[in-house]
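Please look over the structure shown here.

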Amino acid sequence: MRLLILGYSSIVERRVIPAAAKVEAIAQISIASKSRPQPDGWPKQGRFFNDYAAALRDSDSDLVYLSLPNAMHEHWVMAALAAGKHVVVDKPAMMTLTGSERAVDAARRVNRAVAEATVFGYHPQFEALAAFVAEHGPLTQAAVQFIIPPLPIGNFRNHRELGGGCLLDMAPYAAATMRILGGEAASEITALAGGRHPETGVDTGFSVLARLGNGGVFSGHFSFEGEYQNRLLVVSRSGSVLIERVFTPPADHRMEWRRRVRNVDDVVTFEPADTFARFLEAVTSAIDGGNHKSFHRDLLSDARCRDMIATALASQNPPHQRV
């Protein structure tokens, strides 16, 4: 299988290309970038393009990985599908629920996969977490904190016209966590907005409270406004697990749980796992098997959840009415 990457972003350079190099099913990696020159070399090196349309037209790729500013996702996802490619797209896959529905409808019409690269759930610890909750459950609550310091002004996440803002950037983590832990769509969601960027006005934070599909309660705090925090606490009837760096584990990092069962604490350690590689392995396996349903289902489920969060935020912060 031949991979074409549209957008030579930092995450592509640091995580996607090294991960794709590990995936046996990927034989070649080509890159298209308008903003960066051709690198000296890369694993499984294919062609380099400085134009996205030309790359889709002239490459012999089977799978496209799209890593561009959020506002560009829908156009290039549709273009890649129209060119007969399977597509993986950085989160958020689309900026709106209707855009997500259009993309999945287009993918189904041409029998192609379209998948959102929300990869943290592909770490083996989530299989262990499901087993832990099954043994010590039911799940009563899950609490998330994902906070990063303010981003440089030039970062696209600070600019509305590029699809910036904390809600678009971080709501995919909230939605995927609710899906993974709740098993079904959340039935109730309330939310509270955080601040606004002092120069560009994009949203820089939000908090969410939800009733999960299995009856548990989810609370999450996400922002671009503070000291780095990245953790998940899962509490069940007779046990709990606290996980640090849950959303962005480095490929060489040994994840640790602080586990408590009936008031007895211990630490559980996991061998390093490359979540990007495991995700790409799952995608290529689904493509080989011709079964794309799970990726389409997850993309739409998370888009609906993000839309519910946006609606809840809007209801708490109605626009000023003119007198």
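Predicted model: local features only at pLDDT ≥ 70, side-chain atom pairs only at ≥ 80, totals over all residues.

Residues are numbered from 1 along each chain as its sequence is written, and side-chain values use heavy atoms, with hydrogens and water left out.

The pLDDT (the predictor's confidence in each residue, from 0 to 100) averages 95 over the protein chain, and 98% of the residues score at least 70. Residues 319-323 have a pLDDT below 50, and beyond near neighbours in sequence this stretch makes zero contacts (heavy atoms within 4.5 Å) in the model.

Strands are DSSP runs of E of at least two residues, numbered from the N terminus; two of them pair if DSSP finds at least two bridges between them.

| Pair | Residues | Sense | Bridges |
|---|---|---|---|
| Strand 12 and strand 13 | 239-244 and 256-261 | antiparallel | five bridges |
| Strand 13 and strand 14 | 256-261 and 264-269 | antiparallel | six bridges |

Arginine 259 of strand 13 is the bridge partner of valine 241, and arginine 259 also stands opposite aspartate 266 in strand 14. Two residues lie between strand 13 and strand 14 in their hairpin, where arginine 262 has a positive phi near 50 degrees.

The structure has zero disulfides (pairs of cysteine sulfur atoms within 2.5 Å). For cysteine 166, the nearest cysteine sulfur is that of cysteine 305, 14 Å away. Cysteine 166 is buried (under 20% relative accessible area), at 0% relative accessibility. Cysteine 305 is buried too, with a relative accessible area of 7%.

Technical notes:
Helix = DSSP H or I, 4+ residues; strand = E, 2+ residues; numbered from the N terminus. Buried < 20%, exposed > 50% of the residue type's maximum accessible area, 1.4 Å probe, protein only.
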